[in-house]
Amino acid sequence: MEQLYTKDTQAIFWNNNKTAIQRMLDYDYTIQRKTPSVAAIVAPTSGNKFEKFFYGPDEVMIPLFKTTAAAKAAQPQADVLLNFASFRTAYDVTMEALEIGGFSSMMITAEGIPERLARKMNQTAREKGVIIIGPATVGAITPGAFKVANIGGTITNIVNSKLHRAGSCGLVTRSGGLFNELSNIIAINADGIAEGVAIGGDRFVGSVFIDNMLRMEKNPAVKYMILLGEVGGTEEYKVIDAIKSGAITKPVIAWCIGTIAKYYDSGVQFGHAGASANADSETAEYKNKAMAEAGIHVPASFNELPAMINKVFTDLKLADIPEPEMSVCPTVRSSKEFICTISDDRGDEATYAGFPISSVATPDTGKGIGDVVSLLWFKKQYPKWATDFIETVIKTVADHGPAVSGAHNAKVTARAGKSVVESLVTGLLTIGPRFGGAIDGAAEHFKYAEDNGLDPKAFLNHMKKLGIPIPGIGHRIKSLKNPDLRVTGLMNYAAENFPSTPLLDYARTVEALTTSKKENLILNVDGTIGILMVDMWRALGYSEEEINEFIASGTLNSFFILGRTIGFIGHVLDEKRLAMPMYRHPMTDILYDVQVAEEIK
Amino acid sequence: MAQKAIREYDAKSILAKHWDKYFPDFTYAYETVMVQNGSELKEAAKTASWLNEKTLVAKPDMLFGKRGKNGLVLFKDAKPGDVSLAKAASWIDEKSSSDQSVYFSFDGDTPTGEPSVDRLTHFVVEPFTPHDQSEEYYVSATCVGDDDVIYMSAEGGMEVEEGWDEKVTEVAFPITATEEEIAEKIRANVPADVADKDKAQFAEFCIGFFRAYRELNFAYLEINPFVMQGNKIELLDMVAKLDDTAGFMMVDEWGAVEYPTAFGMEAKSPEVEAIEEADAKTGASLKLTLLKPEARIWTMVAGGGASVVYADTIADMAGIDDLANYGEYSGGPTTGETKFYAETLLDLMTREPDPQGRGKVMIIGGAIANFTDVAKTFTGIIQAFEEYAEKMKAVDLKIYVRRGGPNYEKGLRDIKEAADRLGLYIEVYGPETHVTDIVRMALEK
């Protein structure tokens, strides 16, 4: 790898740090990246599925996941981990990601990770060939391609410091604040940087100066390098060795800060945790001298660094870097309150999931109500066998006579003189766990049983333990001998048209067991619909997780609500036409059992 | 600083607490008490009966070595091994009643360099343990480069320190080494001078020691010497440093451990302690070291790197005699935290005027911030100005500001307005000015 990041690099951001992520997306928009640099966010305690961010003037949604594993599975191309966990958890997060694999580099921002943990994490990454940047760092940047989190600061500062496009300097520092400062100095005195890394201020960091500089040596965009070191440690000597051995041939400018430390005993901690000299060779002065002797360009003081950079850069006589086209992020943006992902009325003609209404409405389009449901509910074009099945379900559940609770409610309300919509909703409001809910319940429990490999007997025991009758099993009068023809119809349709029906096949084995106990414990129409919907989704390629989500969000019930609305409206209109009077329930049909209220003292 | 020295008493207490886990085949009596004066020792004897029953050894426990050569180990009254409780108590009272001079380096038995002079405040008292010189051993462990290294020797005490290269066997382990690898390698590298009959015992003790060093997050751990008599162990002297960043994981393992100021070091001022306390409570970073509180140049610099660059520059241009403090605030402190930090500094710098009658200088510096909101932190500084304006004027304080980063224009504008409104001298610069150029400007005034 000669370049740390490219314009296609995408990251998984651990912790929903909105400001930092927004800065990355502002950068992406400014440099006109094709994809956002953050592909996924890991937010273990969030219940949300995405977070909204601005992308230029518009907004985009970045998916949220509870675990790194889930994020990586969903976005396998994202090979950078930006670990913004606290010092308490940063180690675990890194180690887990190393275990998952597929990352080329990881940046760890936490300061003060226990030293043994930091060492173990760094060593494990090294063995796996993963570059660690940090801990205790603000990150790294490949200008014009990818920027980590907050590095470079605000977008204004980034453009001022020429961090929006590749220059020719390779920059390595310990300090994050001075990284930014150096970028500014390099922009003023040279042509900006090609790649920059702040390696981090803790005593034990992953990649050190030499690791990054050897990569920069191979990167043709880097023409010279700047190293800003600190008092403490011996990392600078590795760079000196590399220059002596010829492993680094590009010009290097370097300065170690902390020359003041010589005036005080080791009790004074200057700067970062890593900045403390344990031997003469670790003092800033000693290192500056050694680097100068090795042929590195070392200024007389930090104040003279800008002039030194200017001189080395000018001597290289590099061609001017053309200024690329940039997009400008609007300064005033407002977040949208609502999100719509199913239909759009902004164009000439309103669309259902991208299809103009006229393209699905009339019979000549060949589209039916099942197609409209698949577009508006699932944002997909389902094949004909599936849309036909949906229509079959809707037709099958449209009505079941006036006696069921919903129809009864609708009729009573209509007779009270209320409107169609008022009467309708009183009917709809009865739909739930006891009325129509068996569709949901059957799908949920049968799927659970099959997913967990429960044989029918084990399933029955499981339901017994839960203390609930099996949803979707049982009918008031129908039995195997006297089958429910609606069920027969659905099953025949599925047998002929579904690619396969694994859950129904399983449910039939359960039915064989329950009907052996009692004749009317058949798979009823609710159960058949719920179970076949699962089979339909499976055949359409949905993951088990997505199907579980459909069940949990009440999608199955929605088919019942949609179908039964037809019937309820029928009952309401029926009442209106008959002009039936206000209904009063006969008192003879009520058991009165009223006691005198006891007084509580 | 991540690595912090702890008292010998605490080091022993930590090992004793986990003794059975790391040294199941050995016994350690853990007869040791730490006291500050003679009456505390007598009080301790009411519960620790061995203090009355055994003859004793007493020595200061204040993070310095060479106590024997400094004449600060009490092990004899008339003859070695006859120190009674009463004698130990009176010796402690005597040694703690006045300042003591302690030399940290010796050439043979002759002290070299200047002594540190300070009061002895903490003593450790233990039973006198008669033993043969041949029963003394040395073991220590620390991190060198990327590896953990164990040092073992068949000789303890002065001998090992003075003949380090010949007498010490060192074995290095990568951080990822397994228990089995470590045990195997230690067994294979027991110093040749350890008697053959004791080699296996010695190896087992060192394996347990090294495991304790690793698992209890010691940054440095030394027992010099330990006495091994069969399976009975005495820890005669210990030196230890903990990696305090591991403190959150080691609450139970370490117990109530203290990080004392070393003997001869000035005690931390209440201001420094207050900043340390605030630092421990925030995710941001607040650091303060007082170098010379009567000096005239004070720095309030944002960022671990930038603060060092400012200190370097002041030392280069003005010399260190004029530099009062070193410190930094970073990591996005809140307005309140910044106000507290600024007030602490302002309070210190306005206490006395410059003895030479010059005005004082406050450098409010910083690089171009990555994410710290400059306006927000400057609001804290402005609030502190409002409290201290009169005192600042009384010491003729001139303020020089240089900062960049998120919201810096507003921050700079606000601080300028506030200083002007309060009648304070201020010069304000942004990222177009070189980061440390304000030091030059301040000194040229």
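**Reading strands and helices in a predicted model**

Trainee: In the hairpin of β13(B) and β14(B), which residue takes a positive phi, and how many residues lie between the strands?

Mentor: B:Gly230 takes the positive phi, near 65 degrees, and the hairpin has 2 residues between its strands. Strands here are DSSP runs of E with at least two residues, and helices are runs of H or I with at least four, numbered from the N terminus. This is a predicted model, in which local features need pLDDT of at least 70 and side-chain atom pairs count only at pLDDT 80 or more, while totals for chains, interfaces and linings use all residues. Residues are numbered from 1 along each chain as its sequence is written, and chains are lettered from A and ligands numbered from 1 in the order in which they are written.

Trainee: Which strands pair with β13(B)?

Mentor: Strands pair if DSSP finds at least two bridges between them. Strand β14 (residues 232–235) of chain B pairs with β13(B) in the antiparallel sense over 4 bridges, and there B:Phe226 stands opposite B:Leu235. Strand β15 (residues 238–243) of chain B is also antiparallel to β13(B), over 5 bridges, with B:Leu221 opposite B:Ala240. Strand β10 (residues 136–144) of chain B is joined to β13(B) by 6 bridges, again antiparallel, and B:Glu136 faces B:Val227 across that pairing.

Trainee: How many residues of β13(B) are buried?

Mentor: In a regular strand the side chains alternate between the two faces of the sheet. In β13 (residues 218–229) of chain B, 9 of the 12 residues are buried (20 or more other C-beta atoms within 10 Å of a residue's own, all placed from the backbone).

Trainee: What is the order of strands in the open sheet of chain B?

Mentor: The order of its 4 strands is β17-β19-β20-β21, with parallel pairing. Strands β17 (297–299) and β21 (425–429) of chain B each have a single partner, so one side of each is left without a neighbour in the sheet. From one strand to the next the twist averages 15 degrees. Between β17(B) and β19 (residues 361–364) of chain B there are 3 bridges, and B:Ile297 stands opposite B:Val361.

Trainee: How do α16(A) and α22(A) pack?

Mentor: Two packed helices are described by the angle between their axes and the distance between the axes. Helices α16 (residues 438–451) and α22 (residues 555–578) of chain A pack at about 155 degrees, with axes 8 Å apart. That makes α16(A) roughly antiparallel to α22(A) (a term for angles over 145 degrees). Axes are lines fitted to C-alpha atoms, for helices over the stretch in contact, and angles run from 0 to 180 degrees between N-to-C directions. In this packing A:Ile439, A:Asp440 and A:Ala443 meet A:Leu556, A:Asn557 and A:Phe560 (contact means C-beta atoms, placed from the backbone, within 7 Å).

How values were computed: Angles under 35 degrees count as roughly parallel, over 145 as roughly antiparallel, 65 to 115 as roughly perpendicular and the rest as oblique. Two residues are in contact if their C-beta atoms, placed from the backbone, lie within 7 Å.
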